[in-house]
Amino acid sequence: MEPPLHSIRSMHRTIFNRIFAVIYSIALLLLLFHHALNLFSSTSILSFFISISMFISDLLLAFMWPTGQGFRICPVTREVFPENLEKTVDKKDFPDLDIFICTADPYKEPPVNVVNTALSVLAYDYPTEKLSVYVSDDGGSELTLFAFMEAAKFGTHWLPFCRENEVLDRCPEAYFRSKYTPNSETLHGEQKKLRIMYEQMKKRIENVVESGKVSEYITSEEEHEAFIKWNKEFTRQDHPAVIQVLLESCKDKDVTGFPMPNLIYVSREKSRTSPHQFKAGALNTLLRVSAVMTNGPIILIQDCDMISNDPRTPYNVLCYFMDASIRPKLAYVQFPQCFKGLNKNDIYSSEMKRWFHINPMGMDGLLGPDNMGPGCFFTRRAFFGGPSMSLFVQPELPQLSPDHEVNSSIKSKHILELADRLAGCNYEKGTNWGSKIGFRYGSLVEDYYTGYHLHSQGWISIFCQPKRPAFLGDIPITLLDVINQQIRWGVGLLEVAFSRYSPLTFGMQALGPLMSLCYANYAFNSIWSIPITTYSFLPQLILLNKIYIFPKVSDPWFILYAFLFLGAYGQDCLEFILAQGTLTRWWSEQRIWLIRGLTNELFGSLEYLIKIMGFTTQGFHVTSKLVDDEQSKRYDRGIFEFGVASPIFLPLATAAIINLAALLHGTMQILKGGNFDESFVQLFISGFGMVNCLPVFEAMVLRTDKGRMPIKTTLISIISALCLYIVASFILKI
């Protein structure tokens, strides 16, 4: 009997989750019944407006809660046994692995960082003749190409060093940072030599990026020819395809004579008159170009800032792909997104433990996790229709088929000419690319949308969460960058939610109820902004006018409200702690959830509405990976970064002021003999909002650093809060 390659087990909390889901669902129905009673007993237009507003908010909360239960009904955990792999599979039978790395802007995504990502996967503990790395430069920058020419040279020294010394951190920056500090000399011999080479390479790349010119570092005719397409007519939006083979496995050797992996730079053709479909378009270009060059049956998708943290990661993946019992229907193996540089309390909840760790385990017990983008190993066959051969979609060229065998050198003239054609901006016209083949078009979140379609076609996926994170990424360290990144996600998810492929309609038929609920939870995520905004302003403004809308503490209905609040937060906290989280990080997560409701979810919903009305929106926004030293220091100390007079902060700052005013006013009324029994719930909501907004108050009043809330934003928010109070008081007194 062959040793097992992997195992799976149900999680202990499954039964509790199912019982709690039934009880909580009954409580939600009672809440809606209570709202119905209030609506029917309304005695004025004003009371009806207040009741209907709270009813709509709670109805949306009641809708979003069941969508989250799909993650809790069948959660599972898995384990892999890569040590058994070579006992059952010969290395020569390992499948070829193509790795796609995407970058788009050398000034927001520094080429040095992208180079580190590429070197970390080039150095995988995997047969080098079976390994190919493709770099998509959607910015069409000669600076990025130069950086990878330098990386190819350094790699001939770095890869054998990692292999011979069994280095675990194969990202050069991470390795030297862990081995060397300014106050300690721990590098010896070859380590010192390599570090000097790395620093010299890094300096050349940074100098080129700073000057914007590569000419002074070009030393040969071959290198000069590589940049010949960058002329006066070449712009970011209009340029021909550029494909450069920087390393070829069958010809290029490292300093020990060992073959190097393939390394190919690809910048697809761009034209202002042709839609480029953002990242999905870039990935489909890589899918075609790689098909005619190497056509590896396994494809890894990586972001430019997501370094490999374990050189044996492909072995973990093969534990699933080499299992004949699941291979025919397995579309992809998804690793969780993990991040380096998080501060102690993870103030922006950048870890996103629920999205990237907890929820995928719940989906893994159904059809498998959603595609999160980076850290995902696909089977190439999955991009060409469903798992059954009757559902296979034949590509327009036989060379693009996942079964095509490549027998030519990747530097062959006919291969490069075909690759150049496949990278053309008009190539996809009249084809199935983006609809039936490849990564799907129609949403800014191409990863989520593609995974959704693959599951709908009958494919399954697997969540692989080893003890040592397979990948580590960078995080935005300012609140504005966090918000801007998630605005794009919110717009993309709403594009799916209200499309013909909505999880509530198409998904129910294709996936079944539980899986479609999981996808719906993501797709409709932005509608949290409606109840959060309502609860941030309405009860407080009404409390300021001495009107009470919630049950008294002595009223039996109060128990229902208390159970719904404590039950939801208690279960969420318990799951977070069981997923090896901390209480302080859970608090950060739920706080940032409220902040997002008043910022990115609110503005993302508005941007989506503007978009469907036919107006131009910002589209794809590249999150800056540049780090300011002062911002970094404040982030490490757990201080929120505002610093920019952005309208995005106005609703948040205004809500903070309104909640503080309501809490102070309500407390004063109680001290003067007011009725604590009937005002308690509104006081609690105001106090809860104020506690969550403590970083906002600190930024508005106590801080003097550059990351404080801009005075302009503070003044406008005070004026806005005052105006809201005046308008509400006027309406409530009519």
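## Salt bridges and packing in a predicted model

Arg-272 pairs up with Asp-238 in a salt bridge, with 3.2 Å between the closest N and O atoms. This one links distant parts of the chain: Arg-272 sits in the loop between strand E6 (262–267) and helix H9 (278–293), while Asp-238 is in the loop between helix H8 (221–226) and strand E5 (242–247), 34 residues apart. Arg-272 is exposed at 61% relative accessibility, whereas Asp-238 is partly exposed at 26%. Keep in mind that the model is predicted.

The structure holds 30 salt bridges, and here are some of them.

| Pair | N to O distance |
|---|---|
| Arg-272 and Asp-238 | 3.2 Å |
| Lys-130 and Asp-96 | 3.8 Å |
| Glu-630 and Lys-633 | 3.9 Å |

Take Lys-130 and Asp-96, whose side chains meet in a salt bridge. Lys-130 is in the loop between helix H4 (111–122) and strand E4 (131–137), and Asp-96 is in the loop between helix H3 (85–88) and strand E3 (97–103), so the pair ties together parts 34 residues apart in sequence. Lys-130 counts as buried at 14% relative accessibility, but Asp-96 is partly exposed at 28%.

Glu-630 and Lys-633 also form a salt bridge. They are three residues apart in helix H21 (residues 629–636), which means about one helical turn separates them. Glu-630 is partly exposed, at 43% relative accessibility. There's a network too: Arg-72, Arg-354, Asp-572 and Glu-575 are joined by salt bridges that share partners.

Asp-323 is buried and has no salt bridge, since the nearest oppositely charged side chain, Arg-327, is 7.1 Å away and the cut-off is 4 Å. Asp-323 lies in the loop between helix H10 (313–321) and strand E9 (330–334). Setting aside neighbours within four places in sequence, Asp-323 touches His-6 and Leu-318.

On to nonpolar residues. Leu-606, Leu-609, Ile-610, Ile-612, Met-613 and Phe-615 make a nonpolar surface patch of about 600 Å². Ile-610 belongs to helix H20 (residues 600–612) and is partly exposed at 38%. Helix H24 (residues 694–702) has Pro-695, Val-696, Phe-697, Ala-699 and Met-700 as its buried residues; their cover includes helices H19 (583–598), H22 (650–671), H23 (676–692) and H25 (711–732).

Zooming out, the chain has 25 helices and twelve strands. Its radius of gyration is 28 Å, close to the 27 Å from the globule rule for 734 residues, so the chain is as compact as a globular protein of that length. Of the 734 residues, 58% count as buried.

Note on methods
Residues numbered from 1 in each chain as written. Predicted model: local features only at pLDDT ≥ 70, side-chain atom pairs only at ≥ 80, totals over all residues. Heavy atoms only, no water. Patch = residues over 30% accessible without salt bridge, like charges linked within 9 Å, V, L, I, M, F, W, Y side chains within 5 Å. Areas by Shrake-Rupley, 256 points an atom, 1.4 Å probe, with all protein chains shown as cover. Helix = DSSP H or I, 4+ residues; strand = E, 2+ residues; numbered from the N terminus. Buried < 20%, exposed > 50% of the residue type's maximum accessible area, 1.4 Å probe, protein only. Lys, Arg positive; Asp, Glu negative; His and termini not counted. Contact = heavy atoms within 4.5 Å. Rg over C-alpha atoms; globule rule 2.2 N^0.38 Å.
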